[in-house]
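Here are my notes on the model you sent. Please keep the sequence and the 3D view open while you read.

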Amino acid sequence: MTNKYIFRSRISEKKFREALRLFSLDIEATKIASLTGVSRRTITKIEKGLRERMAECCEADSPFEAGEVEMDESFFGARRVRGIRGRGARGKRIVFGLIKRQGKVYTQVVTNCSATTLLPIIKKRVDENSEVFTDGFRAYDGLVDAGYKKHHRVHHGANEFANGRKHINGIENFWGLAKARLAKFRGIHKRTFYLHLKECEFRFNHRHENLYRLLLKIVKNKPLKFS
């Protein structure tokens, strides 16, 4: 059986398109398997392949052109354990994010929130002519010296969250959407967290498009390949 969307596939193109349409609607894998008659194991493989393609697209979409860019870090994982405090508390996955206002978001899983870690990402992904917006975290102290002459800060510690154009509401809104979506999985393995995060990023960046047609085009150009 030939299937131009998956190498050496045992399912038909019709079945694959049915599964893809449901995936595009963010239907859970168990329900997709039930509605299509395709095994849960195969649906899981299809979804992993689709997330890999989504991640590739997200990586290719940056760096951002010059503009207004918000940046922030966030922590994903179990609720904070009593007695364990501070950024990157045990059990949390640290994610750094950039969003161009009226544009797309980019995320990267990091090991810590130090300037040594964050500044190289910023330099690689954000045009130096951009106007950047951050909170008051000290890791952003060197942005002006790094070439970003238009750096605006929101000091959350002083109960400042928005002052005209000076805010990071865009990236904070994305964090909320991503965490709400990932919560429905009731726990994501560390090994697959990156792909789930990139799926959130991809869905956000293409929220005004027909995801089914977009993903169908992507996998037609680069078919899935199960390992």
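1. **A histidine in a strand.** Start with His151, found in strand S5 (residues 150-154). Strands here are DSSP runs of E with at least two residues, helices are runs of H or I with at least four residues, and both are numbered from the N terminus. Is His151 buried or exposed? His151 counts as buried because its relative accessibility is 17%. The cut-offs are these: buried means under 20% relative accessible area, exposed means over 50%, and partly exposed lies in between (1.4 Å probe, protein chains only).

2. **What His151 touches.** Leaving aside neighbours within four places in sequence, His151 is in contact with Val132, Thr134, Tyr140, Leu143 and Val144. Contact means heavy atoms within 4.5 Å.

3. **How to read the values.** This is a predicted model, where local features need pLDDT of at least 70 and side-chain atom pairs count only at pLDDT 80 or more, while totals for chains, interfaces and linings use all residues. Residues are numbered from 1 along each chain as its sequence is written, and side-chain values use heavy atoms, with hydrogens and water left out.

4. **The overall plan.** The protein has seven helices and seven strands. From the N terminus on, the order is α-α-α-β-β-β-α-β-β-β-β-α-α-α. Of its 227 residues, 45% count as buried. Take the contacts with a separation of 6 or more: residues 24 or more positions apart account for 59% of them.

5. **Strand S4 and its partners.** Strand S4 covers residues 131-135, and five of its five residues are buried. Both faces are covered: Glu131, Phe133 and Asp135 lie on one side, Val132 and Thr134 on the other. S4 runs parallel to strand S1 (residues 68-77), joined by three bridges. S4 also runs parallel to S5, with five bridges. Two strands pair if DSSP finds at least two bridges between them. Phe133 has His152 in S5 as its bridge partner.

6. **Glu68.** Glu68 sits in strand S1. Its bridge partner in S4 is Glu131. Glu68 is partly exposed, because its relative accessible area is 26%. Which side chain makes a polar contact of 2.6 Å with that of Glu68? The answer is Arg165. Leaving aside neighbours within four places in sequence, the contacts of Glu68 include Ile99, Lys100 and Arg101. Glu68 and Gln102 are 34 residues apart in sequence, yet their C-alpha atoms are 8.8 Å apart in space.

7. **The hairpin.** Gln102 belongs to a turn with a positive phi of about 65°. The turn lies in a hairpin formed by S2 and S3, with four residues between the strands. Strand S2 (residues 92-100) and strand S3 (residues 105-110) pair in the antiparallel sense over six bridges. Ile99 stands opposite Val105 in S3.

8. **Helix H2 has two sides.** In H2 (residues 29-36), Ala29, Ile32, Ala33 and Thr36 are buried. They cover an arc of only 100° around the axis, so they lie on the same side of H2. The arc is that of the directions from the helix axis to the C-beta atoms. On the other side, Ser34 and Leu35 are exposed. The buried residues pack against helix H1 (13-24) and helix H3 (40-61). Just after H2, Gly37 takes a positive phi of about 80°.

9. **Two nonpolar cores.** A nonpolar core is a set of buried Ala, Val, Leu, Ile, Met, Phe, Trp, Tyr and Cys residues joined through side-chain atoms within 4.5 Å. The largest has 26 residues, and Phe16, Leu20 and Phe202 touch the most other members. H1, H2, H3 and helix H7 (211-221) each supply at least two residues of this core. H7 gives the largest share, seven residues. A second, separate core has 21 residues, among them Val69, Cys113, Ile121 and Val132.

Note on methods: A polar contact is a pair of N or O atoms within 3.5 Å; within protein, one must be able to donate a hydrogen and the other to accept it, and residues adjacent in sequence count only if both atoms are side-chain atoms.
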